[in-house]
Amino acid sequence: MAWFKRVEKGIVTPTDQKKETPDGLWHKCPECKTVVTMAEHKRHRCVCGSCTHHDRIDAADYFEFLFDDGQFTELDANLTSGDPLRFVDTKEYPKRLVATEHNTGLKDAVRTAHGLSTGQPLVVAAMDFKFIGGSMGSVVGEKIARAIDYARQNRTPFLMISRSGGARMMEAGYSLMQMAKTSAKLALLSEAGVPYVSLLTDPTTGGVTASFAMLGDFNIAEPGALIGFAGPRVIKETIGKDLPKGFQSAEFVLEHGFLDFIVDRRELKQRLADLLGMLQPVVAAAPGQREARRTPIKAH
Ligand SMILES: [Zn+2]
């Protein structure tokens, strides 16, 4: 059939006659190859309708559907990183920051905001992987710490959405200090009796897993997310053995007791509302009352 076979060889179309296909009109699932329109894909929160593969999305996308009518107030939107170590790899760190800011329109790898979600106040911190691999430098740590402070002062539940390659190499020790800082702030939040839900998305690794991402009152994850400290390749090379099937997937980590549950992104908002609704009496109680309930009365 001539329609399906190229009968003439060597057909060359001059560049000025080539037709442009508009970018981003269609989406092909990387797992099952199902093709849908981009609009439909977005409507399903970038989850494949056929195989439930969860595409990576940005902080802005989470804010858009988690906050009622997409309305929220951003916190510390203009915090940017310094260069305390005068770090140079293939590029000087400040130049890398400027270039990344230009390419992504983001100031750093996390955005924090508060607003209403299903009618209940909520503080959300969500990481952006496209900003230097969602790496945790001093700005990420500081913004998360301040968001936790806001949550504590306003007795508002805190949701952390992690998506990170770990600590930021260019800030070395300063990055590692963020683990201690965010953990200490979360301890204060816990002491105040304000709930913290940690959502681990693909991927959550390194210093982020080793600090705030695993410290939730509820640690939950998106299906199929890679969750671990060191990457599978590093572990495999170190122990010199093959790793079990599904190693470091959210499902594997759940089975081994590190997670409370896995949640489909399309159900996230409702599941969160149910969970926080259940915890509402705890949030409403003043810290003193809870203390009294916890401490057994001593007989004299
Ligand atoms: Zn699919």
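Predicted model: local features only at pLDDT ≥ 70, side-chain atom pairs only at ≥ 80, totals over all residues.
**Entry 1: overall make-up**

I looked up the overall extent next. The C-alpha trace spans about 100 × 45 × 45 Å along its principal axes. Of the 300 residues, 33% count as buried. I also checked how far apart in sequence the contacting residues are. Among contacts with a separation of 6 or more, 69% are between residues 24 or more positions apart.

**Entry 2: two domains**

The domain assignment gives me domain 1 at 24-55 and domain 2 at 57-284. Taken over C-alpha atoms, their centres are 24 Å apart. How many residues of each domain are in contact with the other? I find 8 residues of domain 1 in contact with 9 residues of domain 2. On the domain 1 side, the touching residues divide into 2 nonpolar, 4 polar and 2 charged.

**Entry 3: the annotated cysteines**

I went to the UniProt record, an unreviewed entry, for annotations. Its "binding site" annotation covers Cys29, Cys32, Cys48 and Cys51. These residues span 23 residues in sequence, but no two of their C-alpha atoms are more than 8.7 Å apart, so they gather at one spot.

I then looked at two of them one by one. Cys48 sits in the loop that runs between helix H1 (38-43) and helix H2 (59-66). Cys51 is in the loop between H1 and H2 as well.

Is Cys48 buried or exposed? I count 20 other C-beta atoms within 10 Å of Cys48, and the cut-off for buried is 20 or more, so Cys48 is buried. For Cys51 the count is 13 other C-beta atoms within 10 Å, so Cys51 is partly exposed.

Which residues does Cys48 contact, leaving aside its neighbours within four places in sequence? My list for Cys48 is Cys29, Glu31, Cys32, Thr34 and His53. With residues up to four places away not counted, Cys51 touches Cys29, Glu31 and Cys32.

**Entry 4: the sheet**

I moved on to the strands. Seven strands form an open sheet in the order E3-E4-E5-E6-E7-E8-E9, and the pairing is mixed. Its edge strands are E3 (73-75) and E9, each of which pairs on one side only.

I followed some of the pairings in turn:

- Strand E5 (residues 120-127) and strand E6 (residues 158-164) run parallel and are joined by 4 bridges. Here Val124 stands opposite Leu159 in E6.
- Strand E7 (residues 196-204) pairs with strand E8 (residues 218-221) in the parallel sense, over 4 bridges. Ser198 has Asn219 in E8 as its bridge partner.
- E8 pairs with strand E9 (residues 261-262) in the parallel sense, over 2 bridges. Opposite Ile220 I find Phe261 in E9.

A reminder to myself: strands of a sheet pair through backbone hydrogen bonds, either parallel or antiparallel.

**Entry 5: helices against the sheet**

Which strands does H9 lie across? I find H9 lying across E4, E5, E6, E7 and E8, and running at about 70 degrees to E4. Helix H9 covers residues 268-284, and Met278 lies in this helix. Met278 has 10 C-beta neighbours inside 10 Å and therefore counts as exposed. I also looked up one distance from Met278. Gly216 is 62 residues from Met278 along the chain, and their C-alpha atoms are separated by 16 Å.

**Entry 6: Phe218**

My last stop was Phe218, which lies in strand E8. Is Phe218 buried or exposed, or something in between? Phe218 counts as partly exposed because it has 18 C-beta neighbours inside 10 Å, and the buried class needs 20 or more.

With neighbours within four places in sequence left aside, Phe218 is in contact with Val197, Asp260 and Leu275. I looked at Asp260 in particular. Phe218 and Asp260 are 42 residues apart along the chain, and 6.1 Å separate their C-alpha atoms.

How values were computed:
Residues numbered from 1 in each chain as written. UniProt positions renumbered as here; feature names shortened; annotations may be inferred. Buried ≥ 20, exposed ≤ 12 C-beta atoms within 10 Å, placed from the backbone. Contact = placed C-beta atoms within 7 Å. Pairing = 2+ DSSP bridges. Axes fitted to C-alpha atoms, helices over the stretch in contact; angles between N-to-C directions. Domains from an automatic or database assignment. Nonpolar A, V, L, I, M, F, W, Y, C, P; charged D, E, K, R; others polar.
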